[in-house]
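Q: I have a chain open on my screen and want a quick walk through it. Can we go piece by piece?

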Amino acid sequence: MTAPHPRHRRALAIPAGLAVAASLAFLPGTPATAAPAVESAPSAATDGTSLSYVVNVSPGHRPSATVRRAIAKAGGTIVTSYDRIGVIVVHSANPDFAKSVRKVRGVQSAGATRTAPLPSAATTDTGAPQVLSGAELAAAEATSAKAEGQDPLESLQWDLPAIKADKAHEKSLGSEKVTVAVLDTGVDDTHPDIAPNFDRAASVNCVAGKPDTTDGAWRPSASESPHGTHVAGEIAAAKNGIGMTGVAPGVKVSGIKVGNPDGFFYTEAVVCGFMWAAEHGVDVTNNSYYTDPWYFNCKDDPDQKALVEAVSRATRYAEKKGAVNVAAAGNENYDLTSDEITDPSSPNDTTPGDRTVDPSKCLDIPTQLPGVVTVAATGAKGLKSSFSNYGRGVIDIAAPGGDSTAYQTPEPPATSGLILGTLPGGKWGYMAGTSMASPHVAGVAALIKSTHPHASPAMVKALLYAEADATACTKPYDIDGDGKVDAVCEGPKNRNGFYGWGMADALDAVTW
């Protein structure tokens, strides 16, 4: 089974009022209406508009005079340079810029970060989350009022008991000295469930590839995706008698905006995001996206090789500085250990076309980078979500990401098989995807760091995996009940392709 490819983010959005129809998007083998094709952007070779590039050099010092002169000679302008990891961000209207600078002594790799000229081409979206109505809010509040110590909407959060977060909160809400950075589309820090825990000093806008520290620059505009705000609430919505409760409601959360207004997460922004997190004391980063425009970046392509190297350097540096990097596995029901995968979506900022890739050589970044915690999604019945990517040795851990209620229905009083989160403008609503699974794990990692404040990233990850509840393969995996196997799980109970080391466990995070 290959699930329909959602518009490149790792959340499956369900528009309000269309929950039944939209649930078809989860059905294995069900054709989905294709999003309107993005018009091909004009070529930089013909109209002189700029592309963005990364140039990778030896780390530890500023670019040499030779490299700087070569960049200028090739028609490039240096936007910023991350000297500690040797990544230079450059803009150039010369279509042969990368080819030219790759020949220069001291340049290890160089490549275009996009195929559309600056600014990027406009694109369609997958739709809005299913916003809670006034009646739903009132019903949930009435139910939660009967449960002592619950926030008003907590009765709708089947995902919290699924990882024992409700029990964990009886012992600890997490430490305010721990910060989780949400690298995403921006975070609305004015939301009443986010404001109490927001870390302003660790927040920034990195969309241009260099930090913009203007007040509020980390927030999404009214026309931008609510994705990052939803993720932030899942992690650290305050337990304050308002709305919902996050997995780690006592820790801090910051917004590092790396998704541009058109919804693209380009390499220079992602690199900037990890570097900012590294330099501002962030303990955990959540990454519910893939780095555009290539779903898989093939190392035998000189441009894509440079992107892999740049993001790899940034994630390694962030971990070296103390951050655990957590990432979503993706929503296409791909076996990431298969010999080949057909990628129909790349490059997604101009005109995509089918290409066959080997996922062991063509990487989804940052998800498949060494050291990154890769998270698969589960539904309300604890099974792999119908859309979640999988693969033995690739998936490290599993957590609730939601699924269609046609496949996995939660126990009452919860009514939706999707994941509740915060939305800009003081609202709450449902989304689903591995985008929603990753922040659950980021929250558990934050609880571990709260319990063990001196633990290194390696130790936090070791505890995360050791404390996970081992979950055996689902065999056969026929999520839609049509008699056909929809995915094949390989491996033992405590290390398999669907659930990795198992389901994240928040209770063990605060007791071990």
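Q: Among contacts in the chain between residues at least 6 apart in sequence, what share join residues at least 24 apart?
A: That share is 76%. Contact here means heavy atoms within 4.5 Å. One caution on the source: this is a predicted model, where local features need pLDDT of at least 70, side-chain atom pairs count only at pLDDT 80 or more, and totals for chains, interfaces and linings use all residues. Residues are numbered from 1 along each chain as its sequence is written, and side-chain values use heavy atoms, with hydrogens and water left out.

Q: How many helices and strands does the chain have?
A: There are 13 helices and 19 strands. They are DSSP runs numbered from the N terminus: helices are H or I with at least four residues, strands are E with at least two.

Q: And what part of the chain is buried?
A: Buried residues are 59% of the 512 in the chain. Buried means under 20% relative accessible area, exposed over 50%, and partly exposed in between, using a 1.4 Å probe and protein chains only.

Q: Which residues does UniProt list for "active site"?
A: The unreviewed UniProt entry lists Asp-184, His-227 and Ser-435. They span 252 residues in sequence, yet no two of their C-alpha atoms are more than 10.2 Å apart, so they gather at one spot. UniProt positions follow the numbering used here, feature names are shortened, and annotations may be inferred rather than shown by experiment.

Q: Where does His-227 sit, and what does it touch?
A: His-227 is in helix α8. At 1% relative accessibility, His-227 is buried. Not counting residues up to four places away in sequence, His-227 touches Arg-10, Ala-11, Asp-184, Thr-185, Ser-288, Met-431, Ser-435 and Met-436.

Q: At what angle do α8 and α11 pack?
A: About 35 degrees, with their axes 8 Å apart. Axes are lines fitted to C-alpha atoms, for helices over the stretch in contact, and angles run from 0 to 180 degrees between N-to-C directions.

Q: Which residues make that contact?
A: From α8, His-227, His-230, Val-231, Glu-234 and Ile-235. From α11, Ser-435, Met-436, Pro-439, His-440, Ala-442 and Gly-443.

Q: New topic: which residues of α12 are buried?
A: In α12 (residues 457–467), they are Pro-457, Val-460, Lys-461, Leu-463, Leu-464, Tyr-465 and Glu-467. They pack against α10 (302–320), β12 (324–328), β16 (373–378), β17 (397–400), α11 and α13 (506–511).

Q: Last one: where is Leu-363?
A: Leu-363 is in strand β15 (residues 362–363). At 9% relative accessibility, Leu-363 is buried. The C-alpha atoms of Leu-363 and Cys-298 are separated by 6.4 Å, though the two are 65 residues apart along the chain.
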